[in-house]
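Hi,

Here is the structure I promised to pass on. Have a look at it first, and then read my notes below.

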Amino acid sequence: MHQVRLQIKGSDEARYSYSIDVQISAVLQYWSKPKNYPLFIRSVPVQNELKFHYTVHTSLDVVEEKISAVGKAMADQRELYLGLLYPTEDYKVYGYVTNSKVKFVIVVDSSNTSLRDNEIRSMFRKLHNSFTDVMCNPFYNPGDTIQSKAFDSIVSAMMVQAS
Amino acid sequence: MEAHEEKPIIYTMENKPIVTCAGDQSLFTSLYTSLAQQLPRESMEWRRSYGRAPKMIHLEANFVQFKEELLPKDGNRALLTFPFLHIYWTDCCDTEMYKASVKDDMLRWQSTLRLHGSVDWLIVVVESEAKKKNKTNILPRTSIVDKIRNDFCNKQSDRCVVLSDPLKESSRSQDSWSAFLTKLRTLLLMSFTKNLGRFEDDMRTLREKRTEPGWSFCDYFMVQEELAFVFEMLQQFEDALVQYDELDALFTQYVLNFGCDHFNYGANWLGSFCAPVKRWSGLLLRRPIDMEKRELIQRGEASLLDLRSYLFSRQCTLLIFLQRPWEVTQRALELLHNCVQELRLLEVYVVQGALDCWVFLSCLEVLHRIEGCCDRAQLEANCSHTVGLWTYATEKLKSLGYLCGLVAEKVPTSEDLNRTVDLLAGLGEERPETVNSLQSPYKKLNEALSSVEAFEKHYLVSAMKKGDPERAEGFLDDSLRSYVAEGWSLQVTHTRKQMAECQKLLQQTEDYLQTSALLAGDANLTEEERKHFCQEILTFASQPPTVALSMAAFAQLRQMQFSPPGAVVHVGAALQLELRVRCLMPVAMQVEQLAATLHFSLEQGGARGRAGSAQRRTGQGPQGQGDGVVLFPQGSPLAGAGMGALLPPALELYEMQDRSPSDSSLTSTGVVCKNMHLLLRRHDSSASLDTPTAGALPAAVAVDDGAQMLRARDITLQPGDNSILFTAPVQPGSYTLRQLCGSVGRVQFVQSHIYPVVQYEVYSQEPQLTIEPLSDNLLAGIPQKVKFTIATGHYSVKKGDALQLSNTDSMPILHSSCCSATVLSSTGGHALSIQSSEKVTSISLPPTPPYHTLEFQLEVLCHIPPTPFKPDIERLTNGEVRHRPKSHSHADSGMINIDQKVSIDCPWSIYSTLIALTFYVPFKAKHSILSAGKRKYIQVCLQNVSDTNFHLADPVLTERQPTVSMELLSLNVKKQQPVCSQQSVFCLWEMRWAKPLPLCLQCAFSASFAPVSASDTHTAFKPYRYEFQLDRAEILPPSGDQHCRTGALCGLEVSITRQAEPSETEGEEEESTEIEGLRTTKLMYEVVDNSSNWAVCGKSSGVVSMPVAASATHRVQMEVMPLFAGHLPFPNIKVFKYLPHNAVPAIQPDTDSCLENDTISLLDKGLDDQGDTASIRSRGSVHSVGSGEQQRGLPMPRLEPFSPGQVFYWSQGRQVLVLPVTDDHVMEVNVT
């Protein structure tokens, strides 16, 4: 029948991605220079981290798809928040792309009903702000994994709040 | 006219808004067909309440006969059966008849309507010409209409419409039709707006009551669905869909809130949805309305799945009407996920696997539905929309397979079978719609669950085949590559684990071991897993086939440290390399041998520039530090090696300072990037091959054989950092570390490149002897110290080895007792024994080990040569030391230097070493003759040109060949006097002689000198000799007369002497001619007197042939006449080279290569042998002569002047005494 193969196609633009899972909540962030490269990834349920990583990795395809779909229409004033990327039975995956094509991904447990679109939106906004701070750090090499404590604490706070 | 059915009509597409017809039924029947046709023909704009956008709408109606039962009773909100408009038809044109029956009938109709509160009515009066013609006494037709209007439409005159001759094809008929239809449409829309508005208001009110106890979602559902039906009936699918979406959202909200707070949330109606799920037959999308489920909902007996299924089937139907099939798939996936979640949230009991069945069936049902309404091409183009459903179905089938024991190797147990039966029971009967379809989801699931074989058949069709490791490996490899490239470490680990399985199954030993090695060092795995993979390697290591694996998985190089740090040693010295390796294995590994392959190159240029190259080496690597440590760059721990491969290497920046060579001031500074070649190179696809970890299958590692190796045997590498010591071999040359290879049994771990480049050098040095002065300049004449330095190199100076210096007379070696040698890097001095024989001086050296430096000093003395040597001719054989850069001042002051060569025989060589020392003569002497009247004095000027102050003692002037007639009387008073640096001392002697005076007087000046600083003045005095020659020259008066007199002719003898033989080049130029075996060159002379003192009588110039031999002299007699009395200077003589006509134009000869000194001695001579009588040419010009000659013809001889310094005028500046004539008139002449 059908075989699902996930390949992340690289482009020349730097691309970052980011992901949060919240039930137990995890923040994952990814960066990709030629491709989708993780910049920061965090998940609260450590035991099932691999699954989250796969989920985030897969969701980047959808992000890509959404960006290219939007790009045709109006590349300039596009909404950074991409909404629900793709639902699974257990998780909801939300996406956000900065103008410099850094991707943020938040993975939330489907049973977590307290996080609706607005909450996710504000989480992304917070992440974006914090990420901007990280980028402003002159000692940060764009492309390196993020080791900023401030960023980490913001992510942690968000995950605690969300769970 | 259709019969009205009692039961509500649910097939909404066939449904139309109901319009009742009262009055004349037969009349209506006759008009029905055209009415039904014409009503939808034009669209009307429907203005909506609540700010909704107006819509164009095509109206249709279901015309039914008016019955009172059709009118809705209070509380009945069924909209589908609601009559929106009531029409009364009449064709009455007779007042009587109207009054008699029609009016009453209409009154009854009106009151019935009023009773039910319906205000949407219309009276249609149909007029026909035919009927009018029948009745003659008819009133004007308007009267009936007016009457009706008057009776019924007191304020709404538009409620009565006239339709004229509807069955005729006339323009009047057309007009009345269109007016009627417009009226009808308008009224219908008004009714819609009014009734739907009222309905919506009611509905909203009902919805607001949802928090009250007793409110039921199912009831409300029915109400709102009614509205949806109406919209659907009006073909407003969008609006209909909105109704369902609102219901969906409301329900979802309820479930969520209920899930959050079970007890305080008063939604008892939800209880029915919380009942255990008994049926999981999946979605049913083939019917527009699933009446079964609807009834369940209506009765409040629907389960959550029923409600959701029904809701979705309605949404699906509407979406397909709206031509949005892809939204169906998307919503379906959301729905399925949502249902699963909701059941979980509400804690509804579901048989294990039941949901999987439901999801599977639903997915397939949706897909079938979509396939049913799209063609193949459309489906393929939109596979991205269906893929999610396929995946979900696959997943669910897989989990069902596991649940029912259909996947495991073993046969299903009875428990599995029971479960299967339960699940199948929950599916219920197959629906009638799909009974005949062979591929129905129901049949598929039934079959798949019936047996293992059938399951495999279905599962393999839907999913990738499992158990085909070969194909799997390919896929895994692909995904692993992308994960590695993107740095997803967990995925990498997971995929590698799967790959290891495949490779093990496929018996790809090497690949398996490589993967195992990577996994064993993978921090993402547990300790046990890592140990397992490590053990796998060790197991293979004990078996025959030798396998080479990449070192990267096994261990990481951390740093390498050289001892000594310079990484440059001489032969025989020990060089140690300490290698720090981080072993990634979870257990201690016994490595039989760790070998570093070396690339050996015999570097040319041996011992020279050692220090420089060592500097370069250590500063070379990017991490190279002064202490001989080479750090190996580490990849990021998170991303592993993949990160390193992708990211460009870090900039290696170095400070650069450019200093001016003269005063080492900073002229420029900057930053240099040293690895620009790496940064700027093109990134090609093969770049990833550099790192073996990048791909799943690392590039084959080749073991470099046969090269030289550094070995360390039997090492145990503990997990973590280890230190391994290598000792480097000692052959001279340059070594570069190429590979590192660790052997664990038959498994070899190979690091194929070592970067940064690690090099060390072993050198061998030839012994070397240098001699250099201790001071800036060596002075001749006094003892000077020179330093001997012996770099022993590889030679070991044994006892009895000696330096043999060949003696020269001009420079004896002075024996000094305090002579001792120092061996650098060892303590204490060693006495030197110096033995001299006639020919050689032998210096025995103390024993010195190789690669040491031996130093000692010797005193030497260079004798000053006695003659007023023509500088640099004899001794300067190699012109290199003539101007030493440090002695500018001496060069300026014309310090004469002597190059003294010393030939030394060294014990390590059979050849003699020739070493030149340059000595400088500290003095310069000049002599001059001074006259006072008839007395003559000889003055010697001695100039100290050195930087040292001297004492001068005992200046003595002697004749070399003493003659009795000559006496030199010293006028010097001081016996000893100081000569400071750059100062002169003058000594004077008076000459007394008895006649005749010799033509030539050879004198020798000698004095002793000693440096002022010398302690022992007397012994230190060294002799200085200066020899010179005085030649007598005199003008003799004409014979018979003592003195020349003015006006009288005197003889002038010009004597030209060749001082030196011409050099080869000059000989050629001068075109020597052979005459009777005597080689001669031609010269032209000319007597010129520019100051009008003399008049040349007769021939003033001529050409002479000079024999080519030193001191050949030619004398020419001439006549001159002095014109004045007194001491007159001698007339000038000019000498030119006389070149014959065929001579090649000569190039100016080098002034210093050949010196030709022509001496002209002027002697008074009588007039007797004056042959030619020529006119007196006192002011003849040679040039004019030359040019005059040249005018006569081209092949003329040429004259060429001598270069400066080639001609020495012996009589330059000399004077002759001319006595005045006694005659007075001559005096007068002089006066005038």
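**Helix packing in chain B, and a few other things**

The crossing of α11(B) and α13(B) is left-handed. Keep in mind that this is a predicted model.

Let me stay with that pair for a moment. Helix α11 covers residues 354-373 of chain B and helix α13 covers residues 383-403, and they pack at an angle of about 150° with their axes 9 Å apart. An angle over 145 degrees counts as roughly antiparallel, so that is how α11(B) and α13(B) lie to each other. On the α11(B) side the contact includes D356(B), V359(B), F360(B), C363(B) and L367(B), while the α13(B) side includes L389(B), W390(B), A393(B), K396(B) and L400(B). Sorted by class, the residues of this contact come to 13 nonpolar, 2 polar and 3 charged.

K396(B) sits in helix α13 of chain B. Is K396(B) buried or exposed? Its relative accessibility is 9%, and it therefore counts as buried, the cut-off being under 20%. Leaving out residues up to four places away in sequence, K396(B) touches D356(B), V359(B) and F360(B), and also E89(A) from chain A.

Helix α15 (residues 441-448) of chain B has an axis that comes within 9 Å of the α11(B) axis, and the two cross at roughly 140°. That makes α11(B) and α15(B) oblique to each other, and their crossing is right-handed. The α11(B) residues involved are C357(B), F360(B), L361(B), L364(B), E365(B) and H368(B), and they meet P441(B), Y442(B), K444(B) and L445(B) of α15(B). This contact has 7 nonpolar, 1 polar and 2 charged residues.

Helix α10 of chain B runs over residues 325-345, which is 21 residues. After α10(B) comes E347(B), which has a positive phi, near 55°.

With 23% relative accessibility, F540(B) counts as partly exposed. Its C-alpha atom is 8.5 Å from that of G745(B), although 205 residues along the chain lie between their positions. Again without residues up to four places away in sequence, F540(B) touches T509(B), Y512(B), L513(B) and V747(B).

Finally, the chains as a whole:

- Chain A has 163 residues, of which 50% count as buried. It has 3 helices and 6 strands, in the order β-β-β-α-β-β-β-α-α from the N terminus. Of its contacts between residues at least 6 apart in sequence, 53% join residues at least 24 apart.
- Chain B has 1232 residues, and 46% of them are buried. Its secondary structure comes to 29 helices and 52 strands. Of its contacts with a separation of 6 or more, 74% are between residues 24 or more positions apart.

Cheers

Methods: Residues numbered from 1 in each chain as written. Chains lettered and ligands numbered in written order. Predicted model: local features only at pLDDT ≥ 70, side-chain atom pairs only at ≥ 80, totals over all residues. Heavy atoms only, no water. Helix = DSSP H or I, 4+ residues; strand = E, 2+ residues; numbered from the N terminus. Expected span 1.5 Å × (residues − 1). Axes fitted to C-alpha atoms, helices over the stretch in contact; angles between N-to-C directions. Parallel < 35°, antiparallel > 145°, perpendicular 65-115°, else oblique. Left-handed = near helix turned anticlockwise from the far one by under 90°. Contact = heavy atoms within 4.5 Å. Nonpolar A, V, L, I, M, F, W, Y, C, P; charged D, E, K, R; others polar. Buried < 20%, exposed > 50% of the residue type's maximum accessible area, 1.4 Å probe, protein only.
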